[in-house]
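Subject: Structure handover

Hello,

Here is the structure for your files.

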Amino acid sequence: MSDRIEKSIDLNAPVERVWRALTDHIEFGEWFGVKLEAPFKPGEVAKGRITYPGYEHLKWEVTIKTMDEPRLFSFTWHPYAVEPGFDYSKEPPTLVEFKLKPKGTGTKLTIVESGFDGLPAHRRPDAMRMNDGGWAEQIKNIKKHVD
């Protein structure tokens, strides 16, 4: 089983526009489907509530790792943490990286989530399958948001 999910897309928006959509907490929330409490800051935990229909009861929490403008934004989180009342904090998180590269007048965006091998064996297949599908949707969402 692979330890990572990778998705890439060419966006018809300059790197600066895509960077803002990724790192401004309000804009990020608009396309990602989450209402965040505060701006993103490296080393800090970002919290909010998922606004995606059917998942509104879930909290969203990530630790911001890197904000290397305008090429890399990353955070760690607990993938597919959807079981109410379950404490996922004892599991190692996965790393989500948004990599931006200029491509003509647009941007090539690559999203990589890695570290699935660290998850408990019973959770790994569902977390990978659900997040693979989730990233496929999110890459369409950001395209719609910035194009």
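In the classes used below, Ala, Val, Leu, Ile, Met, Phe, Trp, Tyr, Cys and Pro count as nonpolar, Asp, Glu, Lys and Arg as charged, and the others, Gly among them, as polar. By that scheme, the lining of the largest pocket consists of 19 nonpolar, 12 polar and five charged residues. Please keep in mind that this is a predicted model.

The pocket

The volume of the largest pocket is about 1,100 Å³. It is lined by 36 residues, and those closest to its centre are I50, L58, W60, A81 and V82. Strands β3 (45-50), β4 (59-68) and β5 (72-77), together with helix α3, each supply at least two lining residues. The most comes from α3, which gives eight residues to the lining.

The helix contacts

Two packed helices are described by the angle between their axes and the distance between the axes. I have two such pairs to report.

For α2 (residues 25-32) and α3 (residues 124-146), the axes come within 8 Å and cross at roughly 120°. On the α2 side the contact is made by E27, E30, W31 and F32, and on the α3 side by W135, Q138, N141, I142 and H145. Sorted by class, this contact has four nonpolar, three polar and two charged residues.

For α1 (residues 15-23) and α2, the axes come within 5 Å and the crossing angle is roughly 85°. That angle makes α1 roughly perpendicular to α2. In α1 the residues involved are R17, R20, A21, L22 and T23, which meet H25, E27, F28 and W31 of α2. Here the division is four nonpolar, two polar and three charged.

E27 and W31 of α2 are listed in the contact with α3 and also in the contact with α1.

The salt bridges

Side chains of opposite charge can pair when their charged atoms come close. The structure holds 11 salt bridges. One of them joins E91 to R123, with the closest N and O atoms 2.9 Å apart. E91 sits in the loop between β5 and β6 (94-103), while R123 sits in the loop between β7 (106-114) and α3, so this pair ties together parts that are 32 residues apart in sequence.

Regards

How values were computed
Residues are numbered from 1 along each chain as its sequence is written. This is a predicted model: local features need pLDDT of at least 70, side-chain atom pairs count only at pLDDT 80 or more; totals for chains, interfaces and linings use all residues. Side-chain values use heavy atoms; hydrogens and water are left out. Axes are lines fitted to C-alpha atoms, for helices over the stretch in contact, and angles run from 0 to 180 degrees between N-to-C directions. Helices (H or I, at least four residues) and strands (E, at least two) are DSSP runs, numbered from the N terminus. Contact means heavy atoms within 4.5 Å. On a 1 Å grid over the protein atoms alone, a cavity is a set of points where a 1.4 Å probe fits but cannot get out, and a pocket is an open set with protein on both sides within 12 Å along at least five of seven lines; lining residues have an atom within 4 Å of a point. Grid points are joined across faces, edges and corners, and a volume is the space filled by probe spheres set on the points. A salt bridge is a side-chain nitrogen of Lys or Arg within 4 Å of a carboxyl oxygen of Asp or Glu. Angles under 35 degrees count as roughly parallel, over 145 as roughly antiparallel, 65 to 115 as roughly perpendicular and the rest as oblique.
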